[in-house]
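This report covers aromatic pairs, a strand and its neighbours, and nonpolar cores. The model comes first.

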Amino acid sequence: MTQQVPSTEPELGGVRNFRDVGGLPTADGRRVRYGHLFRSGHLAHATEEDAAFLASLGLHTIFDFRNAADQKLEGPDVELPGVRNVNLPLSDPADGSEFWKMVRDGDLDQLHAILGDGKGADRMIGSYRRIIRERTAEHSQVLRAMAEDSVPALMHCAAGKDRAGLSIAITLLALGVERDAIVADYLESNAAHRRYKVHRTNSSASAYSPEVMELLSPLFDARAEYLTAAFEAIEENWGSVDVYLEQGLGLTPELRERLRGRLLD
């Protein structure tokens with residue numbers, strides 16, 4: 001089997017956190033095929049150059065996990081010729097537009113009340129667990145679509161970290177990718193050039209003080225404990241990844257093998 005040349009990660013002007021998931025190793029010695037599975041933040045602010053690059057990928061489907069509040073805030077994705085756009089809203093890990101208004105506008109005391117003393121990280125962990133338990137229909141739709149025809153695919157949410165990160169992780173579990181490699185890919189969202197930029201209404205220095213940024217960090221970090229919580233939710237609710245995939249997501253062994261055939265070298 002010939003080894004494909006890795007795609008070079010581009011410097012995109014208006015799209016954060018883009019990367020090819022190709023090259024990740026499976027437990028049985030195979031690797032995710034380059035040029036077939038991509039992840040990113042939203043595409044609403046893509047420049048003309050970004051759009052030209054994305055169009056050159058030969059994408060079949062873009063899975064957009066943003067909800068209506070995200071789309072109102074950021075705008076619709078750039079349209080790419082011949083590419084199918086599928087919107088499957090998943091729960092915002094920060095849980096709602098009112099919460100994000102507080103993130104943008106809240107003062108130090110208000111932020112400490114909702115995020116301090118570990119409450120920010122606990123909110124994220126609870127959300128990851130809830131998405132695993134409650135969004136089986138959406139994740140089933142994604143995996144089934146890719147097993148049938150929707151490859152090459154790009155998955156994104158707002159920052160490309162949480163909802164897209166979970167959906168990519170579930171896909172990688174179905175492919176048999178090693179758990180450590182899944183976590184390592186997830187943590188790449190922490191790179192400075194990939195991170196979602198924090199925007200606050202008040203542009204003064206105090207609005208971005210070290211204390212404020214520390215309180216906000218659980219919302220904008222990719223933390224191994226978040227993904228670990230998702231894996232634990234799979235085991236607690238289904239007992240194993242195989243049972244989760246087959247009974248929770250309806251991914252039969254035949255469909256799983258078809259997915260592996262499309263996405264693995």
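## Aromatic rings

Phe18, Phe38 and Phe53 form one aromatic cluster. Rings of Phe, Tyr and Trp (its six-membered ring) pair if their centres lie within 6.5 Å; planes under 30 degrees apart count as stacked, over 60 as edge-to-face and the rest as tilted. By this rule there are 5 aromatic pairs. Tyr128 and Tyr226 make a tilted pair, 5.6 Å centre to centre with 50 degrees between the planes. Tyr128 lies in helix H5 (residues 119–134) and Tyr226 in helix H10 (residues 224–238), so the pair ties together parts that are 98 residues apart in sequence. Tyr128 is buried at 0% relative accessibility. Tyr226 is buried too, with a relative accessible area of 0%.

## Basis and terms

This is a predicted model: local features need pLDDT of at least 70, side-chain atom pairs count only at pLDDT 80 or more, and totals for chains, interfaces and linings use all residues. Residues are numbered from 1 along each chain as its sequence is written, and side-chain values use heavy atoms, leaving out hydrogens and water.

Buried means under 20% relative accessible area, exposed over 50%, partly exposed in between (1.4 Å probe, protein chains only). Helices (H or I, at least four residues) and strands (E, at least two) are DSSP runs, numbered from the N terminus.

Strand E3 spans residues 61–64. Thr61 and Phe63 point one way, Ile62 and Asp64 the other, and all are buried. Strands pair if DSSP finds at least two bridges between them. E3 runs parallel to strand E4 (residues 84–87), joined by 4 bridges. In E4, Thr61 has Arg84 as its bridge partner, and Ile62 has Asn85. E3 also pairs in the parallel sense with strand E5 (residues 153–156), over 4 bridges. There, Met155 is the bridge partner of Phe63.

## Nonpolar cores

A nonpolar core is a set of buried Ala, Val, Leu, Ile, Met, Phe, Trp, Tyr and Cys residues joined through side-chain atoms within 4.5 Å. The largest has 66 residues. Phe63, Phe65, Ile132, Leu143, Met146, Leu172 and Leu216 touch the most other members. Helix H7 (residues 163–175) gives the most to this core, with 9 residues. Apart from it lies another core of 14 residues, among them Val15, Phe18, Leu43 and Ala46.

Helix H6 covers residues 136–148. Its buried residues include Val142, Leu143, Ala145 and Met146. Contact means heavy atoms within 4.5 Å. Not counting residues up to four places away in sequence, Phe63 touches residues including Val142, Ala145 and Met146.

Notes: Expected span 1.5 Å × (residues − 1).
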